[in-house]
Amino acid sequence: MKKTNKGVVLAVALTAFVAGPALADEHETCDVAHGEAVFKKFCSACHVIEKGAKNTIGPNLYGVVGSHVGRVPGYNFSEALRTADVVLTKEALNEWLTRPRDFIPKTKMPFAGIPKQKDRTDVICYLATKTDNAGGHEMHERQEHHEDH
C-alpha cells in the first residue's frame with residue numbers, strides 16, 4: 001500500500017479553501033448565451049460592452065478580461081480603483097463580481113454582487129468574448145466547440 005503525505009494533502013486542501021470561490025472550468029460549464037443574459041440583468045443598466053462605445057454610468061467593459069482595473073480611458077474612477085494594482089483575470093473578476101466592495105474596499109460602485117457562481121462564471125465567459133485579446137476569442141471558440149458535441 002502506498003503511503004500518502006498527510007501534510008501535503010492538508011496543504012493542498014487549505015490552499016484550495018483559502019483561494020476562495022472556485023471559477024468553474026469554462027471547457028465544461030461555460031454558457032455564453034446565459035452570460036449575455038446575466039450581463040443584461042446585472043450590468044447593462046450601468047455598463048456597455050461594445051468596442052469604441054462611450055462610457056455611461058460605469059466604464060465600457062469591452063476588453064475588461066485581462067485588463068488593469070481603473071484604467072478605461074475617459075472614465076472618472078474612484079480613487080480606490082485608480083490606485084488598485086489589480087489585473088482582472090477570470091479569477092479576479094469572479095471575486096469582484098461576488099462582492100465588489102469586499103474585493104476593492106471604498107469603491108463607489110453601488111453593486112452588491114452576483115450571488116450565484118454559475119451566473120458569475122457565464123458572465124465572465126461572455127465578457128471574455130468581447131475583446132481584441134486572442135485569449136478571449138480562444139475561450140469563446142472552445143465553448144463553441146464544446147457546444148457542438
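**Cysteines and pockets**

Modeller: Let's start with Cys46, which is partly exposed, at a relative accessible area of 30% (under 20% is buried, over 50% exposed, and partly exposed is in between, with a 1.4 Å probe and protein chains only). Bear in mind that this is a predicted model, where local features need pLDDT of at least 70 and side-chain atom pairs pLDDT 80 or more, while totals for chains, interfaces and linings use all residues. Numbering runs from 1 along each chain as its sequence is written, and side-chain values use heavy atoms, without hydrogens or water.

Cys43 is buried, with a relative accessible area of 9%. The closest cysteine sulfur to that of Cys43 belongs to Cys46, and at 8.9 Å it is too far for a bond. Cys46, in turn, is in no disulfide (a pair of cysteine sulfur atoms within 2.5 Å).

So where is a disulfide found? Cys30 is joined to Cys125, with 1.7 Å from S to S. This pair ties together distant parts of the chain, 95 residues apart: Cys30 sits in the loop between helix H2 (26-29) and helix H3 (32-42), and Cys125 in helix H7. (Helices are DSSP runs of H or I, at least four residues, numbered from the N terminus.) Both Cys30 and Cys125 are buried. The count for the model is one disulfide.

Helix H7 turns up again when we get to the open space. The largest pocket holds about 570 Å³. Its lining has 32 residues, and His47, Pro59, Leu61, Trp96 and Met109 are the closest to its centre. (A pocket is an open set of points on a 1 Å grid where a 1.4 Å probe fits, with protein on both sides within 12 Å along at least five of seven lines; lining residues have an atom within 4 Å of a point.) Helix H5 (90-98) and helix H7 (117-129) each supply at least two residues of that lining, and H5 gives the most, with three. By class, the lining has 22 nonpolar, eight polar and two charged residues.

Terms used. Points joined across faces, edges and corners; volume = space filled by probe spheres on them. Nonpolar A, V, L, I, M, F, W, Y, C, P; charged D, E, K, R; others polar.
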